[in-house]
Amino acid sequence: MRARVLIRPKAGILDPQGVAVQRALPALGFDGVENVHIGRLIELDVEDPNQLRPMCEKLLANPLVEDYEIILD
Amino acid sequence: MKFGVLQFPGSCDEVDALHAAGKVGEAQLIWHGDRDLKGADAIVVPGGFSYGDYLRAGAIARFSPAMESVIEFAHEGGLVLGICNGFQVLCEARLLPGALLANANLRFTSRLLELDVVRTDTAFTRACAPDSAQAGRLMLRIPAKHAWGRYYADAETLAAIEGAGQVVLRYAPGQNFNGSLHDIAGVRNEHGNVFGLMPHPEHAVEELTGGSCDGLRIFESMRSAVEATALA
Amino acid sequence: MTGTHDPTLPSLEDALALGLTRAEYELVCEKQGGRAPNQIELAMYSLLWSEHCAYKHSRKLLRTLPTEGEHVVMGPGENAGAVDVGGGLVCAFKVESHNHPSAVEPFQGAATGVGGILRDIFAVGARPIAVLDSLRFGESSSPRSRYLLDGAVAGIGHYGNSIGVPTVGGELYFEAPYEHNCLVNVMALGLAARGRLVRSAASGPGNALVLFGAATGRDGIGGASVLASAELGEQGEGEQDKRPTVQVGDPFEEKKLMECSLELLDRGLLVALQDLGAAGLTSSAGEMASKGGVGLDLDVAKVPLREPDMEPFEVMVSESQERMLCVVEPANVEAVIELCQKWEVGGAAIGEVTAGGQLRVLRDGELVGEMPVAALVDECPLYDLDPRKPEEPIYPPPPAAAELSYASPPRELLLALLSCANLCSRRPLFEQYDSIVQSRTVRGPEQADAAVLVLADASALAVSIDCNGRRVAADPYTGTVAAVLECAANLACVGAEPLGTTNNLNFANPEKPHVAWQMTESVRGLGDACRALRAPIVGGNVSLYNEGATGPIYPTPVIGMVGRLPDARRAGRLGFAFPGDEIALVGPLRHSLAASELAKLLGEPLPDGLPEIDLEAVGAAQLAVREAVRAGALSSAHDVAEGGVAVALAECCLIGGLGAQVELPEGLWEPAPLPLPPDPASRDAVPPLLTAALFGEGSGSFLVSGDAAAVRALGERVAVLSIGRVGDDVLSIVEGGALAGTMLTLTLDELADAYASLAELFS
């Protein structure tokens, strides 16, 4: 089945990419934007969805500094 | 004294590390696919872009057969030095606490830096003698060149490693371009046999090309530590 | 061509859409034996007969350049040229451009530019050891320029740093004519053992053709999309998206490709090697066959693909990056594929060398296209240029800095120049590059006028890349001579003797007479200067049609030069080194404000022509400085270039971290032979002689420092004028003689503040 893993920087860790994008938007005419964070999307076909959590813990994310969210399609 | 320098697909500074280590002892390359560490007394995990920094820097290299052997070697007390990408690999492998994140200035930055030596009683800094002191501070001039070098650990971990004296090098005031917490440039593990730093000591071993020979002291420290263990 | 047109074949309209002229199309039909080319044949002809691949408008001109010399080991025509550098080593080097892609997508355009030039170097069997970048954008006030600059620098850094090749030097200019046509030129050098260089000529009918590296996708096909889809002439919706015009590079893939290529060559497994660049398999296969006088059979079904359902023409024209083509004896094919597997790089036998000189494209064994190699590669019509000097100025004058004039206090003029985008420190740029990996860099950015790389025998290579497009626009012949001399002067400052030259000719539309004139005069100057310096051209690149609605770029022949110095420890430095050292100007002092940075700052239009250069005097000065640096007689040596003597002094102070006390004798300057046209606005029409002395530009003079006796000893060989002493932390320049008085005093901090202005462009 198809799965998506969203990986986000943990709250509280400085996210300079998110800050940079947040700063750039008003200059392009987009106001009122806050709380921008940049993460990663991993898409994969898996036979056994139970493997997804250990995959995230071991390789796909670094749990020290990242949170992950598994979405099954 | 035998150094083993790991080589992953995408390693760049392994050649430089080999050259630097070769000034202090014998040095040879260890292919990522080999489990055999060839009798090395100390391992160097070099700088570069192993596996293209895919997914996260060091995330894939940590699972290589050679690294499996290095993890075992470290657990048995063997000396392991991680430089830049090597530091990232050691953190991913959980041989060192914390993680390296994107530079606060968001750019790859290459600069000759001043580093404060926090302690000289480690296997990696014991040769940083008082004659490298300036204005009362023990300093090393070593270049750094990276885009992902911001040292991070959560508050609890930070307190623990500071308390246990695991911080070995800090960026001197004004030198911290990547935003590392507590200006941490290099940390060791609790046991003291594994050490990682973002700057590149292998690029400060010759006046002609480095402008500084301070980096050599780190390799000399390792030799001295190995010799001391051999005598004990 | 007679008879009715076969509706299953592309039409003349398709040929025109692909860029062929009517006459060229008819010639193709003739070469195909009187029949119209099919889809794949037309695609391949249109690419190989394009200006980019065939050099239709420049080839005849390039034949006038000097290409032979005592150090030349490989001249133009191969993937890169090479010179002997002693110690059993040769240095392969070349410069190339990636201008149009960088204007579309600066990060990937510049990154793939680096990738491409590196492949050219290891394609001849040399290990790349350094990269230099030469960049030009519109004025720094333009948001587009800042966007392109940021992207290009990030892209070059990304690719060069990741693959482990240091970027050791370069140049950056901001001029309005480049606003819509930026220039991104990249030079690379590599080392190989003498006698181990590899050529690209395919040979040995029956030998295998092996493609290795990344899989092939639809990169760069965009322009050929008119040929797409099952129904010729129609395009389904969404087809355009499938064929991006941008090529995306992967330095990690190229690192593996490089190690694999070098090991294949080391083990003697290859007969010939060629990299895939513009026009992909079409040009690589075609050129390999042409050089070897052989034919090739190539089966597109055997090419590893990363996109499904690619048509044969797409496979042949794809510009997917990080791929190489080689010829292998059948007995070695297995070993080659195994080595590719070791380096985790794809490898597949896709064809065979044949006799008979035909390039045949097959799909699963079925013939889909056939062309004579000679027709495809060598028989593209070449065109003569129709040069005519323009009667009216082509380029609008630059905007003037409002508050300044020639009569402004020199202090203000110097600060304005130091902080202007063309002169200020490039530190915020070069700190994004790794300039030290491989541990060879003895002199890197902002340490000396040329980069210096140590070799195993303790001698060193020096390299520089230079061109001032504005000066070439003012006088294509003299401006180009000046660019070549600039390169050689930079080499002299570190103690190096020039060995060979590479060039990237960046010009506008050659079919226009004024551009043809620029090209012809420029190439004439290039030839004369290289002959005078005995630094022949070993290879290069041409990029034409760099113009848009707002007009042409400045004619920009970018020059790259490699030299050698016998003792790396004696490499020269730029900055002042010791308080008390004497400072002197060495060489002919024929400086003029014509086409200078100050003239630009003040909004002057380009002059018509530049003062003539005394090649002999300049050569003698370069030789004298080179020898003095080699002998260790000087503490520093710096070429006086843009901004003139005052800016050169400021640079020496800033980089050395030391001030200087300078006195300029009255009447020392030769009057400028070309007075500037009077400024119609109410400003002083004629620049004071001393403004010209401080900021005038010209070839051949150097600013040196050292022990007084050593400096004066230079006077036995060349004109030397002592002008002051190194010391303190201020730069002060006074005027000697009857008009004695202080012209300017600036602290090092004030100079540094002005010099740091580039940082704001990288927010």
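User: At roughly what angle do the axes of helix H22 and helix H25 of chain C cross?

Analyst: The axes of helix H22 (residues 644–656) and helix H25 (residues 748–755) of chain C cross at roughly 105° and come within 10 Å. Axes here are lines fitted to C-alpha atoms, for helices over the stretch in contact, with angles running from 0 to 180 degrees between N-to-C directions. Helices (H or I, at least four residues) and strands (E, at least two) are DSSP runs, numbered from the N terminus. This is a predicted model, in which local features need pLDDT of at least 70 and side-chain atom pairs count only at pLDDT 80 or more, while totals for chains, interfaces and linings use all residues. Residues are numbered from 1 along each chain as its sequence is written, and chains are lettered from A and ligands numbered from 1 in the order in which they are written.

User: What makes H22(C) roughly perpendicular to H25(C)?

Analyst: Angles under 35 degrees count as roughly parallel, over 145 as roughly antiparallel, 65 to 115 as roughly perpendicular and the rest as oblique. The crossing angle is roughly 105°, and that makes H22(C) roughly perpendicular to H25(C).

User: Which residues of H22(C) and H25(C) meet, and how do they divide by class?

Analyst: C:Ala650, C:Cys653 and C:Leu654 in H22(C) meet C:Leu748, C:Leu751, C:Ala752 and C:Tyr755 in H25(C), where contact requires C-beta atoms, placed from the backbone, to lie within 7 Å. Ala, Val, Leu, Ile, Met, Phe, Trp, Tyr, Cys and Pro count as nonpolar, Asp, Glu, Lys and Arg as charged, and the others, Gly among them, as polar. Under that scheme the contact of H22(C) with H25(C) has seven nonpolar, no polar and no charged residues.

User: Why are H7(C) and H10(C) described as roughly parallel?

Analyst: The axes of H7(C) and helix H10 (residues 251–266) of chain C cross at roughly 5° and come within 10 Å, and the two helices are therefore roughly parallel to each other. In this pair C:Gly115, C:Leu118 and C:Phe122 in H7(C) meet C:Pro251, C:Glu254, C:Met258, C:Ser261 and C:Leu262 in H10(C). By class, that contact has five nonpolar, two polar and one charged residues.

User: What are the domains of chain C, and which helix gives the largest share of the side of domain 1 that touches domain 2?

Analyst: Chain C is divided into domain 1 (61–195 + 392–672 + 688–761) and domain 2 (206–221 + 240–354), with bounds that come from an automatic or database domain assignment. Their contact takes 21 residues from domain 1 of chain C and 20 residues from domain 2 of chain C. On the domain 1 side, the elements giving two or more residues are helix H6 (99–104), helix H7 (106–123) and helix H8 (143–163) of chain C, and H7(C) gives the largest share, ten residues. The centres of the two domains, taken over C-alpha atoms, are separated by 37 Å.

User: What share of the residues is buried in chain C and in chain A?

Analyst: A residue is buried if 20 or more other C-beta atoms, placed from the backbone, lie within 10 Å of its own, exposed if 12 or fewer, and partly exposed in between. Buried residues make up 60% of the 763 residues in chain C, while 11% of the 73 residues of chain A count as buried.

User: Which pair of chains has the most contacts, and how far apart are the nearest C-alpha atoms of chain A and chain C?

Analyst: Among the two pairs of chains that touch, the most contacts are between chains B and C, with 21 residues from chain B and 23 residues from chain C taking part. The side of chain B that touches chain C has eight nonpolar, eight polar and five charged residues. Ten residues of chain B are in contact with nine residues of chain A, and on this side chain B has seven nonpolar, one polar and two charged residues. Chain A and chain C do not touch, and their nearest C-alpha atoms are 10 Å apart.
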